[in-house]
Amino acid sequence: MTRAQIGRPRNAAPRILDAARRIAAREGAGNITIDAVALETGLSKGGVLYNFRSKDALLAGLLDDMIAEHRTRLASVPRNATSPTLRGHLETLQHASSLNIDLSMAILAVAAEKPELLDPLRDELSRDLERIDEEASDQTGATLLLLAIQGLKFHKLLKLPGGGEGRQSAVLRRLEEMIDELDEN
């Protein structure tokens with residue numbers, strides 16, 4: 001059978017990224033290797049490298065997925081909402097339990113290996129901060145809220161104690177109230 005008869009091979013990138021997330025969640029971000037991902041997916045090492053030319057490229061792919069999820073969440077917030085970009089960040093935090101939490105491990109995997117691979121995330125957050133500045137009359141208050149939300153995301157990612165579910169729910173409600181109050185000033 002010729003290649004033309006077989007057709008193009010399917011892109012295994014999503015399967016590879018899922019395997020890398022599972023490894024990070026189960027064994028720690030430092031254990032994401034091309035060999036480990038190949039074993040996890042059942043692909044050859046060459047099959048993984050065909051989709052991601054290096055471990056850095058694989059980690060960048062994980063980060064790209066995380067950013068895409070962030071953009072989807074932001075796009076779901078009505079543009080006429082109070083501070084929609086800031087509210088989108090809060091919604092991402094509020095829905096983190098229903099999201100695939102190991103996707104967030106991509107941040108740790110990237111940061112542990114090469115901090116410069118976080119540049120796309122830095123760029124995304126810079127654009128979000130610009131939008132937040134345009135949307136809020138109290139830019140300092142909006143920035144404070146964004147930093148609080150980002151801190152809570154990393155707090156959750158690192159599984160640090162937060163005072164229990166009740167306190168966390170109260171904190172999220174208070175953040176939402178504070179976003180609403182931004183336009184009242």
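**Exercise 1. Contacts and overall build**

Find what share of the contacts in the protein chain between residues at least 6 apart in sequence join residues at least 24 apart.

*Solution.* Start with the term: a contact means heavy atoms within 4.5 Å. Take the contacts between residues at least 6 apart in sequence; 66% of them join residues at least 24 apart. The model is predicted: local features need pLDDT of at least 70, side-chain atom pairs count only at pLDDT 80 or more, and totals for chains, interfaces and linings use all residues. Residues are numbered from 1 along each chain as its sequence is written, and side-chain values use heavy atoms, with hydrogens and water left out.

Next, list the elements. Helices (H or I, at least four residues) and strands (E, at least two) are DSSP runs, numbered from the N terminus. The chain has ten helices and zero strands.

Last, check burial. Buried means under 20% relative accessible area, exposed over 50%, partly exposed in between (1.4 Å probe, protein chains only). Of the 185 residues, 37% are buried.

**Exercise 2. Helix α2**

Compare the reach of helix α2 with its expected span.

*Solution.* Count first: α2 covers residues 13-27, which is 15 residues. The expected span is 1.5 Å times one less than the number of residues. For α2 that gives 21 Å, and the reach from first C-alpha to last is 21 Å, close to the expected value.

Now look for the buried side. The buried residues of α2 are Ala13, Ile16, Leu17, Ala19, Ala20, Arg21, Ile23 and Ala24. An α-helix has 3.6 residues a turn, so residues three or four places apart point the same way. Just after α2, glycine 28 has a positive phi of about 100°.

**Exercise 3. Leucine 152**

Decide why leucine 152 counts as buried, then name its contacts.

*Solution.* Locate the residue: leucine 152 sits in helix α9. Its relative accessibility is 18%, so leucine 152 counts as buried. Leave out residues up to four places away in sequence; leucine 152 then touches Leu93, Gln168, Val171 and Leu175. Leucine 172 is 20 residues away from leucine 152 in sequence, and their C-alpha atoms are 9.6 Å apart.

**Exercise 4. Sources of a lining**

State which helix gives the largest share of the lining of the second largest pocket.

*Solution.* A pocket is an open set of points on a 1 Å grid over the protein atoms alone, where a 1.4 Å probe fits, with protein on both sides within 12 Å along at least five of seven lines; lining residues have an atom within 4 Å of a point. This pocket has 16 lining residues. Helices α6 (84-94), α9 (139-157) and α10 (164-182) each supply at least two. The largest share, six residues, comes from α10.
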